[in-house]
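This report describes a sheet and some charged side-chain pairs. Please look at the sequence and the structure first.

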Amino acid sequence: MTVPTLFDYFLGFDESFRQLQNTPSFPPFDLYEENGKSILEFALAGYSKENISVVVENSTLKISANKEKSRNAGGKYLHQGIALRSFSKQYALSENAVVDSAEYKDGILRVVISVVIPDEKKPRQIPVR
């Protein structure tokens, strides 16, 4: 059994996310904290909102997108550096993590995650008699 660290509660991810974050992969992403919530942002320039899927199932955050059709159907590329390919990523969430929202705007997918500690797990003062 792995003992949770402050990182796990702070960001709402378990040990598997820490291992994945050191692996270079597509699409590029940022993870930061804002107003007590964890924000996961993916750079998805060229993808349409309809082709992006964000699902939480069994404490796993699953993010995927289908490959878009060519942006330049009539022309010939001289250089094609903007990757448009299908991808699927999965992140194990900590026990108390809740995905609040997902928004796609200006080529950035923004997923907001908060940690909600149930009342029975919050510290409480025990009166001494």
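## Salt bridges and a sheet

Across the whole structure, a search finds 5 salt bridges, a salt bridge being a side-chain nitrogen of Lys or Arg within 4 Å of a carboxyl oxygen of Asp or Glu. The model is predicted: local features need pLDDT of at least 70, side-chain atom pairs count only at pLDDT 80 or more, and totals for chains, interfaces and linings use all residues. Residues are numbered from 1 along each chain as its sequence is written, and side-chain values use heavy atoms, with hydrogens and water left out.

| Salt bridge | Closest N to O |
|---|---|
| Glu 57 and Lys 62 | 3.0 Å |
| Lys 122 and Asp 119 | 3.5 Å |

Arg 110 is partly exposed at 22% relative accessibility (buried is under 20% relative accessible area, exposed over 50%, partly exposed in between, with a 1.4 Å probe and protein chains only). Lys 122 is also partly exposed, at 41%, whereas Asp 119 is exposed at 62%.

Glu 41 belongs to strand E2 and Arg 110 to strand E7 (residues 108-115), so their pair ties together parts 69 residues apart in sequence. Strands are DSSP runs of E with at least two residues, numbered from the N terminus.

An open sheet of 4 strands runs in the order E1-E2-E7-E6, with antiparallel pairing; two strands pair if DSSP finds at least two bridges between them. Its edge strands are E1 (29-34) and E6 (97-105). Strand E1 is joined to strand E2 (residues 37-43) by 6 bridges.
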